[in-house]
Amino acid sequence: MILAILVFNNHGKPRLVRFYQHFPEEIQQQIVRETFHLVLKRDDNICNFLESGSLIGGSDYKLIYRHYATLYFVFCVDSSESELGILDLIQVFVETLDKCFENVCELDLIFHMDKVHFILQEVVMGGMVLETNMNEIVAQMEAQNRLEKSEGGLSAAPARAVSAVKNINLPEIPRNINIGDLNIKVPNLSQFV
Amino acid sequence: MPAPIRLRELIRTIRTARTQAEEREMIQKECAAIRSSFREEDNTYRCRNVAKLLYMHMLGYPAHFGQLECLKLIASQKFTDKRIGYLGAMLLLDERQDVHLLMTNCIKNDLNHSTQYVQGLALCTLGCMGSSEMCRDLAGEVEKLLKTSNSYLRKKAALCAVHVIRKVPELMEMFLPATKNLLNEKNHGVLHTSVVLLTEMCERSPDMLAHFRKLVPQLVRILKNLIMSGYSPEHDVSGISDPFLQVRILRLLRILGRNDDDSSEAMNDILAQVATNTETSKNVGNAILYETVLTIMDIKSESGLRVLAINILGRFLLNNDKNIRYVALTSLLKTVQTDHNAVQRHRSTIVDCLKDLDVSIKRRAMELSFALVNGNNIRGMMKELLYFLDSCEPEFKADCASGIFLAAEKYAPSKRWHIDTIMRVLTTAGSYVRDDAVPNLIQLITNSVEMHAYTVQRLYKAILGDYSQQPLVQVAAWCIGEYGDLLVSGQCEEEEPIQVCLVTLG
């Protein structure tokens, strides 16, 4: 069982925080900080497993992490998960992010935190591995994003703008302007759709 | 009131903050704006506001005032709203709060929604944080979805069922009929989560375990197909077909084969096949091999297979990849009791790992080394362990010293060797030995009557040079007090009689 998935940068700033077991908020933040300090101490040429800190219950839990450029991806797991398997899973997750964001970088994770959560949801559910086929995950994400787009998306602003303009009361335009002998016929202005 | 700012804008603003205090101020301002927006009950912007709240929550700021808003989003008709609403519920709510029960009806409706992605959201949320009451209410819906032909929903329903079973174990029976056809699936996602579900059921109930033993042939067949299938682009990872599924199946086979001769025999061949045919140049291959080894060691496999497994671990120890070395040491530690002789064959490689640069590997190697010490190898091993004690990081010294004392006590070839070893530990890592070491040593010295002269001389010489290590000084002081006469009388034949000067210990 995966207890938590944490992504933070080289300075410890959290980019994704997902716990699959309940911890109060202050403890969650403490765990993020402690994990960062544990992982920061590690050289790049030593193994990617370490015993988790004191805050996450006991010796049954391990931290398995990978370091990509400016980001650490850390999975906190119990003994029922294969350490090498989780390393592969982290790779799958990162490569999926790469496919969804097209050459993903830290900024993508910063500005699209919600999307990253949604992608993760298709990989891990309830602390258990759900799907590992990257193409499958990307296809499901694209379908859901299309569904969102068709509803107007998070901001919903463009739809509002359109409806706002639609509702503006354009003053009545006279069809015929009669000035003395001149008779000007005003063309029929099409309705703003 | 102006429209609430977009999530992206908020993030951009917060990133311009130069200090923690500045960031806090911006967040507080935005929280206030969000609160008023919530009060206005505006449906259009609720989604945007909750998204911002979740971002601030990740940074460590309180967001509990958004909990009810998440529920409102879940109840909305729009997929966009539901998506953020469910995510918010999973991040902000838990079953300790009564509020979460209000979700039950929404989830029930969404489990039957016409859009599969809405159903998916409901399954995901229930499977992550459903309380026992919710699980009881909704188990029927989950069971229905476990039988659907829609593979996207079926795989989620399987994991959701695992959560339901964990929360309400009595409901396990209810899912039994649905498991009949799970392994006939072609879709790997469904296969994978089905195996997880079967594993959970077998681990929880001996009856279920007995019942599912009949699946062993089918599991063996699926595994065989994966290995022999040749290249399949959709499941291929570095040339291996769906390594994650292979590992899952191997784990289930382990549970089914444990303590059962028939099942173990049925899987002997496939295990040998996987062990010998898996490509080991990439990590995925090694993950499968590793799981195979664990399975072989845990079931009632024939001895040839067990030796094969331990030799694979031995090969892992020589691998360049430090992760592989680490898991090999961990597994050897687990098997050293049952297959002691086989592991002994790799002793020299294990002892070499004591010199590894990696702290995690050193620790494992140390534990394993102590497990391998016996009457035959005590002298050689102790040499290596004392050298390790000398050069290792401070965090190891206490455990190492204790381990050495224990080993010396059990297997010391002679009293003199024993005392020399102890002296070595006290002089090398004297300040790290545990408190109980001192009285134990004193006891040992008392009992070795013939060694008293030798011991007191050695101890005296040791503290002459350096009296900074307290345990050493304590033992020495006691010894000199007890056997001081032997010190000056020159009774020890091997050492020169010495002139004792009174040394004031400051």
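Modeller: Helices are DSSP runs of H or I with at least four residues, strands are runs of E with at least two, and both are numbered from the N terminus. This is a predicted model, in which local features need pLDDT of at least 70 and side-chain atom pairs count only at pLDDT 80 or more, while totals for chains, interfaces and linings use all residues. Residues are numbered from 1 along each chain as its sequence is written, chains are lettered from A and ligands numbered from 1 in the order in which they are written, and side-chain values use heavy atoms, with hydrogens and water left out.

Take helix α15 of chain B as the part to study. It spans residues 283–298. Look at B:Tyr290, which lies in this helix. Is B:Tyr290 buried or exposed? B:Tyr290 has a relative accessible area of 1%, so it counts as buried (buried is under 20% relative accessible area, exposed over 50%, partly exposed in between, with a 1.4 Å probe and protein chains only). What does B:Tyr290 touch? Leaving out residues up to four places away in sequence, its contacts (heavy atoms within 4.5 Å) include A:Ser82, A:Glu83 and A:Leu84. From chain B come B:Phe316, B:Val327, B:Ser331 and B:Lys334. B:Gln344 gives a sense of scale. It is 54 residues from B:Tyr290 along the chain, and their C-alpha atoms are 19 Å apart.

Side chains of opposite charge can pair when their charged atoms come close. The rule for a salt bridge is a side-chain nitrogen of Lys or Arg within 4 Å of a carboxyl oxygen of Asp or Glu. B:Asp298 meets B:Arg254 this way, with 3.9 Å between the closest N and O atoms. This pair links distant parts of the chain, 44 residues apart: B:Arg254 sits in helix α13 (residues 243–257) of chain B. The two partners can be compared by their accessibility. B:Arg254, at 10% relative accessibility, counts as buried. B:Asp298, at 32%, counts as partly exposed.

B:Asp298 also forms a salt bridge with B:Arg258, at 2.8 Å from N to O. B:Arg258 counts as partly exposed at 35% relative accessibility. Shared partners then join B:Arg251, B:Arg254, B:Arg258, B:Glu291 and B:Asp298 into one salt-bridge network.

Other salt bridges can be found elsewhere. Over all chains, the rule counts 35. One of them pairs B:Glu22 with B:Arg18, with the closest N and O atoms 3.9 Å apart. B:Glu22 is partly exposed at 26% relative accessibility, whereas B:Arg18 is exposed at 72%.

B:Tyr290 has already pointed to chain A, with contacts such as A:Leu84. Step back to the whole interface. There, 64 residues of chain A contact 69 residues of chain B. The buried area (accessible area, 1.4 Å probe, that two parts lose on being put together, summed over both) is about 6100 Å². Carbon and sulfur atoms give 58% of that area. The rule finds five salt bridges across this interface. One of them could be B:Glu23 with A:Lys13 if you look for a pair between the chains: their closest N and O atoms are 3.6 Å apart. On the side of chain A that touches chain B, the largest share comes from helix α5 (residues 134–151) of chain A, with nine residues.

Most residues other than glycine have a negative phi. A:Glu102 has a positive phi, near 55°. It lies in the loop between α2 (83–101) and α3 (106–111) of chain A, and it is exposed, at 64% relative accessible area. B:Glu41 also has a positive phi, of about 55°. Its loop runs between α2 (20–39) and α3 (43–58) of chain B. B:Glu41 is partly exposed, at 47% relative accessibility.

Last, see helix α8 (residues 132–146) of chain B. Its buried residues include B:Met134, B:Leu138 and B:Leu145. The buried residues of this helix pack against α6 (103–111), α7 (116–129), α9 (151–167) and α10 (188–204) of chain B.
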